[in-house]
Amino acid sequence: MRLIHTVAGALLLLLTIGSILRTLVVPRGLYSSLVHGLWRALRTVLGLAAAPFGTYRAQDRAQTWLAPLMLTGMLAVWLGGMLISYTLILHGTSGLDWSISFREAGSSLFTLGFASGDRLHLSVIDFVAAASGPLVIALQIAYLPTLYSAYGRRELEVTLLQSRAGEPAWGPELLARQSLVDTETALPQLYRDWERLAADLGESHSNYPVLISFRSPQPNRSWVVGLIAVMDAAAVHLAICPRTAPPEARLVLRAGFTALRDIGRSMRVDFDPDPAPDTAIRLSYTEFDAAVALIAAAGFPHERPAHEAWPHFQGWRVNYEPLAYELARRSDAVPALWSGPRDFRAPVIPPARPADRRPPGGHAG
């Protein structure tokens with residue numbers, strides 16, 4: 001039995017170290033069972049706590065705690081796994097009682113130093129345990145600046161999008177507003193900015209999946225809803241204005257669905273990597289037709305009617321709609337237009353458009 005305990009402790013220690021390296025050290029989108037398990041359990045608990053209130057605001061307030069609890073939970077699981085593994089190893093190699101083995105493992109792991117063995121091989125185990133605890137905590141501390149740096153870059157662009165696409169963001173509203181305030185020439189730069197942000201999202205959120213659970217400071221903002229809005233705007237733009245749409249619209253679409261696929265792979269989301277252009281999408285033609293009418297009413301130029309533009313829009317959206325909807329669902333994003341269903345019941349929130357303050361017949365000063 002002592003040999004079994006020693007082997008079990010060594011295996012648990014290797015699994016714990018492997019989880020730490022996969023999550024904090026390896027710069028690649030490796031799937032972490034620990035992160036996924038904590039996310040699923042904590043998200044379920046927080047969702048159930050907010051369910052009796054029956055509003056999106058209650059869900060948003062509850063899910064705000066998801067990312068901090070995940071970070072704390074990961075550290076607790078890692079330290080707990082090491083404590084159990086060193087307890088098993090000490091008990092298996094020395095024959096000490098369980099209570100004494102646990103006390104010595106905790107004393108060494110947390111560098112308290114109030115208990116230690118008087119045999120050489122026990123001292124070696126104590127030294128290794130004493131190095132493990134501070135190292136794990138240091139790695140977790142070093143992990144936070146990386147997370148918050150990526151979070152800051154993301155939220156800057158999401159906040160800037162609010163005045164262009166409404167809150168919550170919606171693709172057709174983005175095009176309509178540019179026409180209403182005569183800023184259509186700013187669209188290429190917006191597409192370029194979000195092309196770069198999409199690449200950043202694909203790299204950071206696939207390497208550090210916990211970022212998906214970091215919510216925006218304002219409840220009606222969301223990184224995934226913002227990305228869907230910009231991609232929808234680019235897809236509508238290309239569909240209704242095939243000759244005058246800027247090339248940046250194609251680039252942001254390509255960067256967007258590539259980023260979503262990178263994140264989806266890291267989270268083991270099933271998707272079709274090469275869907276046919278005529279594959280059915282969940283967004284209906286009726287919704288698309290109404291959006292094109294809204295854009296046209298705002299004065300946005302269009303070269304194709306809605307029924308001719310629909311197959312082209314569908315051919316673009318089929319590349320990102322399933323993944324975008326799934327990530328919006330998993331992140332419990334604000335229920336915006338054209339962003340898919342949620343696991344909680346809440347009405348879809350349309351973007352709020354500010355009142356026109358221009359004097360009759362004149363221009364705002």
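Visitor: Which residues touch the most other members in the largest nonpolar core?

Guide: In this predicted model, Tyr191, Trp194, Phe288 and Phe313 do, within a core of 67 residues. The elements giving two or more residues to this core are α6 (120-165), α7 (171-180), α8 (187-207), α9 (223-240), α10 (247-266), α11, α12 and α13 (321-330). With 15 residues, α9 gives the most.

Visitor: What makes a set of residues a nonpolar core?

Guide: Its members are buried residues such as Phe, Trp and Tyr, joined through side-chain atoms within 4.5 Å. Apart from the core of 67 residues lies another, of 37 residues, including Ile20, Ala50, Leu79 and Val210.

Visitor: Which residues does Trp194 touch, leaving aside those up to four places away in sequence?

Guide: Trp194 touches Glu157, Val158, Leu161, Trp223, Gly226, Leu227, Val230 and Val252.

Visitor: Why is α11 called oblique to α12?

Guide: Helix α11 (residues 285-297) and helix α12 (residues 306-317) pack at an angle of about 120 degrees, and their axes are 10 Å apart. Roughly perpendicular covers 65 to 115 degrees and roughly antiparallel needs over 145, so α11 is oblique to α12. The crossing of α11 past α12 is right-handed.

Visitor: Which residues meet where α11 and α12 pack?

Guide: From α11 come Tyr285, Phe288, Asp289 and Val292, which meet Ala306, His307, Ala309, Trp310 and Phe313 in α12. By class, that contact holds seven nonpolar, one polar and one charged residues. Asp counts as charged, so Asp289 in α11 is the charged one.

Technical notes. Residues are numbered from 1 along each chain as its sequence is written. This is a predicted model: local features need pLDDT of at least 70, side-chain atom pairs count only at pLDDT 80 or more; totals for chains, interfaces and linings use all residues. Side-chain values use heavy atoms; hydrogens and water are left out. Axes are lines fitted to C-alpha atoms, for helices over the stretch in contact, and angles run from 0 to 180 degrees between N-to-C directions. Helices (H or I, at least four residues) and strands (E, at least two) are DSSP runs, numbered from the N terminus. Angles under 35 degrees count as roughly parallel, over 145 as roughly antiparallel, 65 to 115 as roughly perpendicular and the rest as oblique. A crossing is left-handed if the near helix is turned anticlockwise from the far one by less than a right angle, and right-handed if clockwise. Contact means heavy atoms within 4.5 Å. Buried means under 20% relative accessible area, exposed over 50%, partly exposed in between (1.4 Å probe, protein chains only).
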